[in-house]
Protein chains: 2
Amino acid sequence: MYYSKLFGKTSKSVSADEESINAQYLIRGGFVNKQMAGVYNYLPLGLRVLNKIQNIIREEMTAIGGDEILMPTLTQEESYKTTGRDTMDVLFHTEGPSGAKYVLNPTHEEVVTPLVQKYTFSYNDLPLAVFQIQNKYRNEPRAKSGILRGREFNMKDLYSFHANEESLNEFYEVAQKAYHKVYARLGLGDLTILTYASGGAFSRYSHEFQTLCDVGEDTVYLCEKCRIGINKEIIQDQTSCPQCGNVDLVEKKGIEVGNIFKLGTRFTDAFGFKFLDASGKEQAIPMGCYGIGPSRVMGTLVEVFHDDKGMVWPESVAPFKYHLVALGKEEETYAEAEKIYKNLTSAGAEVLFDDRRDVTAGVKFADADLIGLPIRLVVSKKTLAENSVEWKGRADAEAKLVKISDLI
Amino acid sequence: MYYSKLFGKTSKSVSADEESINAQYLIRGGFVNKQMAGVYNYLPLGLRVLNKIQNIIREEMTAIGGDEILMPTLTQEESYKTTGRDTMDVLFHTEGPSGAKYVLNPTHEEVVTPLVQKYTFSYNDLPLAVFQIQNKYRNEPRAKSGILRGREFNMKDLYSFHANEESLNEFYEVAQKAYHKVYARLGLGDLTILTYASGGAFSRYSHEFQTLCDVGEDTVYLCEKCRIGINKEIIQDQTSCPQCGNVDLVEKKGIEVGNIFKLGTRFTDAFGFKFLDASGKEQAIPMGCYGIGPSRVMGTLVEVFHDDKGMVWPESVAPFKYHLVALGKEEETYAEAEKIYKNLTSAGAEVLFDDRRDVTAGVKFADADLIGLPIRLVVSKKTLAENSVEWKGRADAEAKLVKISDLI
């Protein structure tokens with residue numbers, strides 16, 4: 001991709017009402033644009049990051065047997081009356097023809113439960129797991145954390161349905177492992193800890209995945225030995241590490257980047273979704289839900305991986321791997337850089353090529369640091385004299401010369 | 001994919017209020033499920049088709065220089081007041097915190113215009129084209145055509161911005177050619193004709209792409225020589241083929257599967273989006289918009305490509321290429337079919353494997369016809385005796401035996 005042709009530009013500053021680092025850097029880098037508080041446009045660079053995060057999550061959800069579906073945003077308010085959730089504060093309401101009352105789904109239990117019910121005829125169809133990657137809508141009173149807390153935001157939500165509690169427990173463990181894999185691939189593995197949080201009527205605890213980070217809104221108590229956390233909301237009830245009993249816990253701030261929850265039969269019962277067991281007896285269907293917000297993950301990555309010059313994307317989610325920069329006034333330099341760009345691209349590498357003639361080297365370097373791709377390659381008259389490019393990892397202090405012939 | 005594990009099942013009938021062929025077959029085949037009138041859930045088979053359609057469109061829009069972005073659903077009602085479109089009947093309205101008035105975007109001119117304005121600093125930045133693939137919301141009074149006309153539906157919308165009219169005209173021609181490529185790749189090339197339709201203040205005509213089909217809602221007058229149509233709405237003003245002057249036009253029904261429109265400066269003017277030319281003079285920015293609805297295309301494909309047994313998907317958008325069916329009671333047959341499945345899949349083929357033990361051959365054949373994948377492969381004791389599978393194209397009358405060794 002030629003930087004000169006890419007839609008979206010870097011800027012030196014953002015409006016003063018952007019408090020969060022993620023919004024500041026993502027806006028300045030040309031990744032997102034704010035439509036209004038809690039609602040963002042994704043520009044090409046930002047959309048590439050979002051898609052990479054989504055694909056990692058998609059692969060891991062498919063690997064544990066999740067079937068991908070796509071549910072709508074608009075749903076009958078009636079479905080929320082069925083579950084008693086029509087009075088939730090965060091619901092956006094709208095009206096269809098003849099005053100029909102609709103809700104913009106803030107989560108999809110009210111859609112997925114009757115949907116799965118429709119296609120489940122016997123215990124042979126269970127267990128079953130479906131997921132989607134779709135937008136959610138929540139009328140948050142405050143939306144000041146950039147893309148960490150949006151009124152419109154992206155979500156992967158998986159739902160599992162089971163013939164009994166053992167089956168739910170078994171799948172819940174499998175999902176937990178898949179979540180750890182996702183965070184490892186996102187570059188957040190070391191910082192993201194399984195955290196015990198409040199459960200519900202059905203189970204004592206739910207689990208969150210908290211990425212330790214000073215700007216996090218949540219407070220967790222960490223067992224440093226087991227890398228397991230306890231959310232402050234339950235620390236009164238659970239004062240020691242649930243795994244090793246350690247009481248010497250360390251208070252930390254975390255960003256909730258995922259949560260998994262045993263819902264029990266709360267929703268299946270509400271919709272009268274039961275199955276007949278082998279003996280013809282009606283049985284309840286316990287259910288689990290498993291959420292990760294790709295847009296929130298993207299914001300978290302910025303909060304965690306940045307320095308004072310800009311973002312430092314992990315390779316797995318960087319919009320491109322290489323930031324190729326051509327310097328100087330000579331057309332020959334740009335022609336050589338163009339060759340390198342084409343060779344790298346043909347070899348399958350993802351390259352952003354800063355081919356601008358009308359800006360200084362300083363501006364190009366500042367933009368490369370702000371955008372934060374893993375590797376910066378500089379081509380100039382000087383490097384070409386050595387048949388080389390200058391190679392610098394975004395987090396490296398020093399650059400080195402690499403022969404062009406070794407690059408491809 | 002194992003059919004036994006796929007979420008979504010075929011059914012023999014649908015509720016009587018489904019009038020359209022596309023909804024009937026898509027629901028019966030387990031591709032979509034109706035949430036409410038005009039709002040659908042996409043099940044795994046349907047989502048695969050939708051994604052393939054989207055990817056073909058994405059590739060062709062990228063090929064003409066479109067940069068992919070993602071705009072939100074929620075937008076300030078104020079933006080629609082700016083353009084005078086806040087009174088459109090089809091708008092869904094909702095309220096944010098403190099009664100802030102939001103609209104669910106039915107199209108995105110009110111979002112994309114100020115967005116592009118923000119990143120356009122001079123004539124050097126023009127022309128510029130951005131597109132997205134996103135859901136639209138329109139409060140249609142009637143929504144009875146399945147996924148052809150939804151209240152929530154999927155859309156690819158590209159917008160182009162230009163320094164002058166010549167540039168717009170030039171890009172408009174390029175986009176027109178790209179649209180023809182899209183329909184050709186979707187299998188709709190021969191049936192889809194460029195159709196002149198009413199323009200606006202800025203240009204005499206807009207252009208639709210109409211897929212000729214008896215159930216279409218539109219009436220077009222076709223020049224059979226040029227394969228160009230005139231929408232009935234303008235036939236009073238344009239009584240002959242705009243290309244060859246032929247007046248011997250044939251009345252046809254069509255489904256509008258795309259439209260392209262020169263918007264002129266209607267939206268850029270409303271937002272005060274101008275640029276300074278080389279001489280420092282302020283200039284207006286003409287704009288074009290180019291829409292294709294992937295969900296509508298999917299419905300059109302069903303309307304066009306079906307027989308009395310079910311769908312007949314073109315290979316480019318079929319959810320899988322092969323429908324592998326194992327027959328009989330012998331486990332050995334299923335074990336052999338499993339081997340074939342694994343070999344095909346490892347070779348990169350997309351295979352749906354009907355591995356069900358508990359249904360008859362008749363049910364499996366009926367499901368294969370209903371789902372409509374391009375090639376059905378049958379494995380039975382009889383075919384295995386000849387080291388073969390039975391190969392049948394979905395549209396073929398006859399099956400043939402193919403050696404397993406020749407298959408891979």
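This is a predicted model: local features need pLDDT of at least 70, side-chain atom pairs count only at pLDDT 80 or more; totals for chains, interfaces and linings use all residues.
Local features require pLDDT of at least 70 and side-chain atom pairs pLDDT 80 or more, whereas totals for chains, interfaces and linings use all residues. Residues are numbered from 1 along each chain as its sequence is written, and chains are lettered from A in the order in which they are written.

Chain A contains 11 helices and 23 strands (DSSP runs of H or I with at least four residues, and of E with at least two, numbered from the N terminus). The C-alpha atoms of chain A fill a box of roughly 80 × 60 × 45 Å along the principal axes. Of the 408 residues in chain A, 48% are buried (20 or more other C-beta atoms within 10 Å of a residue's own; exposed, 12 or fewer; partly exposed, in between; C-beta atoms placed from the backbone). Among contacts in chain A between residues at least 6 apart in sequence, 66% join residues at least 24 apart.

Chain A is divided into domain 1 (3–307) and domain 2 (322–407), with bounds from an automatic or database domain assignment. The C-alpha centres of these domains of chain A lie 39 Å apart. Their contact takes six residues from domain 1 and eight residues from domain 2.

The largest nonpolar core has 216 residues, of which Leu324(A) and Leu324(B) touch the most other members (core: buried Ala, Val, Leu, Ile, Met, Phe, Trp, Tyr and Cys residues joined through C-beta atoms within 7 Å). Beyond its neighbours within four places in sequence, Leu324(A) contacts residues including Ala337(A), Ile340(A), Phe353(A) and Val379(A).

Most peptide bonds are trans, and most residues other than glycine have a negative phi. The bond from Leu126(A) to Pro127(A) is cis, with omega near -5 degrees; Pro127(A) is in the loop between helix H4 (109–118) and strand E7 (128–137) of chain A. Ser98(A) has a positive phi, near 55 degrees, and lies in the loop between strand E5 (92–95) and strand E6 (101–104) of chain A. Ser98(A) is exposed, with 6 other C-beta atoms within 10 Å.

Note on methods
Two residues are in contact if their C-beta atoms, placed from the backbone, lie within 7 Å.
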